[in-house]
Amino acid sequence: MRIVLFGPPGSGKGTQAAVLKDHLGVPHISTGDLLRAAVRAGSPLGLQVKAVMDAGQLVSDDLMLDLLADRFGQPDAAAGFILDGYPRNLVQANALDAMLARIGQPLDGALLLEVPHEQIVDRLAGRAAAEGRKDDDPDTVRARLRVYAEQTAPVADFYRRRGQLTELDGTGTVDDVQGRLRAALAALAPA
Ligand code: AP5
Ligand code: MG
């Protein structure tokens, strides 16, 4: 199964994908996690992207496409994937489409987690205190939410127009949201 898990910063993409990957038997591919690993490792990519991430802005489309192509080339991705954090603008949505068309493996669907603004701010403030992720400070969260509204939200319309978008309530407990995701996936999968 090949799905995009979509939603604003703090909507629970990573939390849900971590559970869903075992249910579906496909890897969770988070572009944010891949980038943070590169930063931690001090690789050339990591050195290049650190400042952009710390400012809550988007890393360049070319770098992201290379990173994604590399990850899709790993053996576990042959089974499919849950993509989290990509695509983040229309250029990336088209690039993903082209890449999947080339390998003859179209997306099964895109799932959008909807969470009210105030809850997002609360969740990320909680994580800032607990984990100290650098881009969770309040100013950077505001920048990330702005980038989402301006550049990423149009990607939802891109999938909606093609009848590939399922919008889900992302509030409640982690289990509540997981239940809604699984029901939506069951509706996507051919009987
Ligand atoms: P990325 O890592 O993708 O961050 P993000 O999308 O901003 O979102 P988060 O990871 O913060 O949120 P999430 O939806 O995964 O929620 P989570 O489960 O963590 O990207 C980081 C940066 O990398 C970008 O700003 C950009 O610079 C760069 N980047 C990445 N991809 C890129 C791309 N394609 N192009 C260009 N640049 C790119 O949950 C958040 C918190 O809420 C957690 O503390 C969690 O415990 C809590 N929580 C989750 N679910 C619930 C619940 N149901 N109830 C209460 N709390 C909950
Ligand atoms: Mg995440």
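**Entry 1: Q16**

Contact here means heavy atoms within 4.5 Å. The model is predicted, so local features need pLDDT of at least 70 and side-chain atom pairs count only at pLDDT 80 or more, while totals for chains, interfaces and linings use all residues. Residues are numbered from 1 along each chain as its sequence is written, and side-chain values use heavy atoms, with hydrogens and water left out.

I placed Q16 in helix α1 (residues 13-24). Helices (H or I, at least four residues) and strands (E, at least two) are DSSP runs, numbered from the N terminus. Q16 is buried, at a relative accessible area of 3%; buried means under 20% relative accessible area, exposed over 50%, and partly exposed in between (1.4 Å probe, protein chains only). I also noted that Q16 and P27 lie 11 residues apart in sequence and 13 Å apart in space, C-alpha to C-alpha.

**Entry 2: the sheet**

I traced an open sheet of 5 strands in the order β2-β3-β1-β4-β5, with parallel pairing. Two strands pair if DSSP finds at least two bridges between them. β2 (28-30) and β5 (165-169) are at the edges with a single partner strand each, so one side of each has no neighbour in the sheet. For β2 and β3 I found 3 bridges in the parallel sense, and H28 stands opposite I82 in β3.

**Entry 3: α5 against α7**

I checked helix α5 (residues 90-102) against helix α7 (residues 138-161): their axes come within 8 Å and cross at roughly 45°. That makes α5 oblique to α7. Axes are lines fitted to C-alpha atoms, for helices over the stretch in contact, and angles run from 0 to 180 degrees between N-to-C directions. Under 35 degrees counts as roughly parallel, over 145 as roughly antiparallel, 65 to 115 as roughly perpendicular and the rest as oblique. L90, A93, N94, L96 and D97 of α5 meet Q151, P154, V155, F158 and Y159 of α7.

**Entry 4: the cores**

I looked for nonpolar cores, meaning sets of buried Ala, Val, Leu, Ile, Met, Phe, Trp, Tyr and Cys residues joined through side-chain atoms within 4.5 Å. The largest has 30 residues, and V4, L35, L68, F72, L83, L96 and Y159 have the most contacts inside it. Another core, of 13 residues, lies apart from it and includes A17, I82, L111 and L181.

Notes. Chains lettered and ligands numbered in written order.
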